[in-house]
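Please keep the sequence and the structure in view while reading.

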Amino acid sequence: MDLKQAGSSLDSLISSFNTRIAELQELVIARNMYPASSVTDLSAIDAALKGMELQVKAIKDRLHEETKAIPKAKKLIAKSLRQQKKLQSMSVYAPSYLPERTATLNLDSDRGLVPEACKQQPNQSTMVEEPAAIPKEKKSRGSPPLWYITAGELDSLSSYMRGRLTLEKVNAAINDMATYAEANAQLIAAPKKKLAENQWERALELKDIATTESIKGKHFFLETDMKGPSLKLDNTGKAILTVLRHLGRISETRMGHHRVIILLKPQ
């Protein structure tokens with residue numbers, strides 16, 4: 001090797017050492033630059049990462065629970081929709097309001113009652129005989145039916161027959177008819193000792209009607225019972241009776257001087 005080549009190799013080696021030393025100096029400076037704050041920052045980053053990992057795990061667990069609950073929620077929604085359809089179909093048969101059914105006859109009030117003491121003989125005890133068959137008649141008859149009409153039934157009528165009648169008016173009248181029939185049933189079943197003389201005469205008259213073959217076991221009321229609040233013996237009331245007779249909710253018959261309206265189940 002000549003002198004020129006040896007000098008060139010030495011210069012290259014020295015340059016390499018200088019480059020390496022410069023790099024080491026830069027690394028030392030970077031290592032020693034703000035050492036305390038660097039450790040604190042790294043610890044904060046580590047804590048933040050661990051917190052995020054916990055949050056991600058909680059989200060995954062929650063998603064897993066929600067995924068498992070989806071089939072149950074779908075079944076519940078399906079049941080709710082079926083129930084909603086049933087309620088909608090039932091609401092068609094009901095009027096916009098349903099007043100509480102109360103019989104027009106109150107057998108326990110003082111008005112229209114005859115004191116029991118006047119009905120008892122001096123030597124009779126308080127156990128006065130009562131007709132044993134009366135409760136059976138009331139039980140077998142049951143409560144008057146409330147077969148409301150639907151909007152479709154009302155719309156199926158001719159405009160001449162329907163007139164100005166609305167679904168609410170007709171169904172409210174059906175509620176009144178059930179009240180009249182229930183009052184008559186109570187009057188028929190009432191013991192004689194609890195009725196005034198005028199009521200007893202009406203009860204006998206109703207019993208005669210109730211025992212007629214065509215009416216026996218059915219709920220009925222008289223045309224003279226139509227005193228409201230929704231069904232009255234006026235043009236509107238007569239129109240309602242015509243509509244209900246056409247729709248198969250009632251039938252009519254004549255008993256003596258009385259016009260009897262019988263409640264029917266629609267066919």
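A salt bridge is counted here when a side-chain nitrogen of Lys or Arg lies within 4 Å of a carboxyl oxygen of Asp or Glu. The model under discussion is predicted, and a search of the whole structure finds eight such salt bridges. Side chains of opposite charge can pair when their charged atoms come close.

Consider Glu65 and Arg62. These two residues form a salt bridge in which the closest N and O atoms are 3.4 Å apart. Because Glu65 and Arg62 are three residues apart in helix 2, about one helical turn separates them. Glu65 is partly exposed, with a relative accessibility of 45%, and Arg62 is likewise classed as partly exposed, at 49%.

Helix 2 itself spans residues 35-91 and also contains Arg82. Arg82 belongs to a surface patch of positive charge, together with Lys68, Lys72, Lys75, Lys79 and Lys86.

Arg202 lies in helix 8, whereas Asp225 lies in the loop between strand 1 (220-222) and helix 9 (235-246), so the pair ties together parts that are 23 residues apart in sequence. How accessible are the two partners? Arg202 is partly exposed at 26% relative accessibility, while Asp225 is buried, its relative accessible area being 13%.

The loop between strand 1 and helix 9 takes part in another pairing. Glu223 forms a salt bridge with Arg259, and their closest N and O atoms are 2.5 Å apart. Since Arg259 lies in strand 3 (residues 258-263) and Glu223 in that loop, the pair ties together parts that are 36 residues apart in sequence. Glu223 is buried, with a relative accessible area of 18%. Salt bridges with shared partners join Glu223, Arg245, Glu252 and Arg259 into one network.

Ala210 is buried, with a relative accessible area of 4%. The C-alpha atoms of Ala210 and Asn184 are 9.7 Å apart in space, although the two residues are 26 positions apart in sequence.

The chain as a whole can now be considered. It contains nine helices and three strands, and their order along the sequence follows the pattern α-α-α-α-α-α-α-α-β-α-β-β. Among contacts in the chain with a separation of 6 or more, 69% are between residues 24 or more positions apart. Of the 267 residues in the chain, 25% are buried. The chain exposes about 19200 Å², and carbon and sulfur atoms supply 58% of this area.

Notes
Residues are numbered from 1 along each chain as its sequence is written. This is a predicted model: local features need pLDDT of at least 70, side-chain atom pairs count only at pLDDT 80 or more; totals for chains, interfaces and linings use all residues. Side-chain values use heavy atoms; hydrogens and water are left out. Patches are made of residues with over 30% relative accessible area and no salt bridge: like charges are joined within 9 Å, nonpolar side chains (Val, Leu, Ile, Met, Phe, Trp, Tyr) within 5 Å. Accessible areas come from the Shrake-Rupley method with a 1.4 Å probe; for residues, only the protein chains shown count as cover. Lys and Arg count as positive and Asp and Glu as negative; His and the chain ends are not counted. The place of a charge is taken as NZ of Lys, CZ of Arg, CG of Asp or CD of Glu. Helices (H or I, at least four residues) and strands (E, at least two) are DSSP runs, numbered from the N terminus. Buried means under 20% relative accessible area, exposed over 50%, partly exposed in between (1.4 Å probe, protein chains only). Contact means heavy atoms within 4.5 Å.
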